[in-house]
Structure formats: C-alpha cells, structure tokens
Amino acid sequence: MAQETTSAADPDAKLAIRNIGLLLSGDIGRPILEADTIVAVGGRITAIGRGSEIDAEGAATVIDAHGCGLAPGLIDSHVHPVAGDWTPRQSQLNWIDSTLHGGVTTMISAGEVHTPGRPRDVVGLKAMAIFAQRAFTAFRPGGMKIHAGAPVIEPEMEEHDFKELADAGVRLLGEVGLGGVKDGPTARRMVAWARKYGIQSTIHTGGPSIPGSGLIDSAVVLEADTDVVGHVNGGHTALPDREIRCICEGCQRGLELVHNGNERAALYTMRMARDMGQLERVILGTDGPAGSGVQPLGILRMIAMLSSLGDVPAEVAFCFGTGNTARTRGLDTGLIEVGRAADFVLLDRAQHSAGRDLLECVQLGDLPGVGMVVIDGTPRIGRSRNTPPADKVPEVLA
Ligand SMILES: [Zn+2]
C-alpha cells in the first residue's frame, strides 16, 4: 500500500510540466489559462506560461503531458475518515489511496463520526479530535492531504474547550447536528466560539442520514451560521426546495453539494446559485465513506453530473471541485497560481467517449481518464486504476 509520513518537499527540487493541451485554472473567474507549461520549485508553482517563454532549465523532474489536460488536484470537501486507510463503513481498506486514483489530492473531514465507540463526553471528544488531526497529518496514503480532527459538538462544551482545541492544532468542526447540539441558538453560540479561535465549521443539512441523527432544517442552518452549509442537497434526504432557496438567499456561506446526497436537489441548488450570480459558492464533496458506500471517483462524478445535467461548461464545473473549495476553506491548493501548492491532476477525454475532447466528454456526462496525479510537485501515480483509459497520457521523462 502506498503510504508515507509527512515530509517537507525538497526546497530546491524543480518540476517542469510541458505540452499541456488544456490548462484548467480552478478559478471560476477565468477557468481556462492560455498556457502549456508549469514550473514548480520546492512543491510550489513558480511559473505558468508558454514553453518558449518559461525557464525550465535544471528541472529534476520533467513531465511531457503529450497534449492532455491539467487541472488543480481535486478537493473533497466532505469525508468521514476513521483510522488510517480503513473505514468501518462497508469494512473497506485503502479507500483514501483509491480516491487518489480519482484525481483527489486533498480531503476535508466533516467528523470522524464512524469511529467505533466514539466518545461523546467533552474530554473524550477533544482527545479524539486532537488524535485524528495528528494522525492524518502524519499519515498520507500516496501523499494525499487529509485535513482531519473535526470534533462533533455536544451541549456541555464551553468556550474554553474551543480555545483548547485550537491551541492543540484543531482547525475544523465536524458536522453540527451529528452530536447532541441540534438547535439553532446553541449551535450559533458554539460556531461563533469556534470561529473566534480560527476553527472552521460545517453543518449537517437535511433529514437524518442514519438512525439516531436528526433533521436540520433551514432555520437551524441559517441561525447556526457555519462557514459551509454541509451537503445542502441532503445527507440522503434533502430539504424541500423552498428551504434550500431560503438557505441560498439567506446567507453567503459555501454551498456544499455531495455525491451521497439528493442529485435533483444538487442540481436545484446549483441552478439557484447560478441565477443569483454566485456560482463561486458551490463546492463539492462525497460524504463518503457512508451508507451509500465509498466513491473513489465521486468528485469526478459530481463534476460530470453537474456539467451534463446542469448545463454548466465543464471548465466551470471543475472550479466547483478545486478553486471554489480552496477559497472557501482557505487552502493553499486548488488553483493554478504562482505560490500555490503544485497539486495537479493530468487527465483527458476517455477513450471511446462520444465527446471529441476532454471538455465535451465531461459535458456529455462521461468521466475523463486520469493519467497522472502530482502532489507537492512530485508525481504520485501514473495512469489511474479506477478511471477509464485516457486518449492522451502524460509521461515522466526525467
Ligand atoms: Zn451529514
């Protein structure tokens, strides 16, 4: 199993990727860049442009894209990791490594809620969050960046608990509503404490996902005022359209659409955001592992679904799963910009797709073929074992 601990990228290691056929930026304001070459040093992008204008001299690693497309590494805004690369949901091993083969380079925990025997007392839940934050920082299957350690709030928590969590390195709250706090006023108070100490928050929107969890409706979502409206298309059961509209219009927070949610409600939300001129609020997650299973290609499937059924240009749909999430979450990846992390997915039209090129393939609802994934300037995998084979496949030359 591919696995490694965190190591700082060699500060001098230089990577050059040339002959990129289509450069997707992740920036919804300008989703396609007129460039065919990227250079990164020490795991950060240092130059983007035309090959003739760019100094790729001395690159230790040179990738010839052979005309395939390149996008920022995909970000899954909503996962439920437990321990290592194992999940007790569906008793599955290596789901994180498999997700890397779906072009995802960063995942964000919405709570380690499937942990067997998960503690609900305040000391126990804090300890588990700190443990998960540490463990998933050190454990990176294939180099995957896993932001975990997301405690699920309980009514007994006080302000000092949030300060202690923040001081210990915790930066996320798990989905509000999966624990004992299900009412607007308590959620709002605790979310504000979290924000005060630099901890981001999300909420479980919609009906209960599993027996034991509860309904979180639009009134609670708006009162809680979390940074992200977690699965606004429902864990499985979405709110009525009028309540989704209420959330879209009633706040400016991120609108997260998940693979394991209601697809009709996802399309409704996306269209509402488009009508409001606020597509930059749309971000993507899988909400896996879950009762619906584990989806290594979940983010690609969401991009293809929203593009094909929602009539969104594919290059825009890619922004939902990259730059939009990075900006909403304050991550240094997800955009092809100088200074950002050199996290990329190289991909192309799937062989035998009815679409003539990468963008048309996705707009017709087909999944593209992933040919390579790069994290922190280092190639991690070649041709994906999970996607269909691509037309054009990149190659590491040196
Ligand atoms: Zn949920």
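This is a predicted model: local features need pLDDT of at least 70, side-chain atom pairs count only at pLDDT 80 or more; totals for chains, interfaces and linings use all residues.
Visitor: Where is Asn-19 placed?

Guide: Asn-19 is in the loop between strand 1 (14-18) and strand 2 (22-24). Strands (E, at least two residues) and helices (H or I, at least four) are DSSP runs, numbered from the N terminus. The phi of Asn-19 is near 60°, which is positive although the residue is not glycine.

Visitor: And what about the phi of Asp-311?

Guide: Asp-311 has a positive phi too, near 55°, and is likewise not a glycine. Look for Asp-311 in the loop between helix 8 and helix 9 (314-320). With 61% relative accessibility, Asp-311 counts as exposed.

Visitor: Let's switch to the metal. Which residues are the protein donors of the zinc ion?

Guide: Glu-175 (OE), His-204 (ND1) and His-231 (NE2) are the protein donors, at 1.8 to 2.2 Å from the zinc ion. Donors here are N, O and S atoms within 2.8 Å of the metal (3.2 Å for Na, K and Ca), and sites may look incomplete as water is not among the atoms. Along the sequence, the spacing of the zinc donors reads E-x28-H-x26-H.

Visitor: Where do Glu-175 and His-204 lie?

Guide: Glu-175 sits in strand 13 (residues 172-176), and His-204 in the loop between strand 14 (200-203) and helix 5 (218-224), so the pair ties together parts 29 residues apart in sequence. Glu-175 and His-204 are both buried.

Visitor: New topic: which strand is Ile-375 in, and is it buried or exposed?

Guide: Ile-375 belongs to strand 19 (residues 369-375). Its relative accessibility is 0%, so Ile-375 counts as buried. Not counting residues up to four places away in sequence, Ile-375 touches several residues, among them Leu-100, Thr-105, Arg-140, Met-144 and Asp-343; a contact means heavy atoms within 4.5 Å. The C-alpha atoms of Ile-375 and Val-104 are 9.9 Å apart, although 271 residues separate the two along the chain.

Visitor: Nice. And what is Gln-133 in contact with?

Guide: Beyond its neighbours within four places in sequence, Gln-133 contacts Ala-148, Gly-149, Ala-168 and Gly-169. Gln-133 is part of helix 2 (residues 122-138), and counts as buried because its relative accessibility is 17%.

Visitor: One last thing: how far can I trust the model? What is the mean pLDDT of the chain?

Guide: The mean pLDDT is 95, and 97% of the residues reach 70 or more; pLDDT is the predictor's confidence in each residue, from 0 to 100. Residues 1-6 fall below 50, and this stretch has 19 contacts in the model beyond near neighbours in sequence.

Technical notes
Residues are numbered from 1 along each chain as its sequence is written. Side-chain values use heavy atoms; hydrogens and water are left out. Buried means under 20% relative accessible area, exposed over 50%, partly exposed in between (1.4 Å probe, protein chains only).
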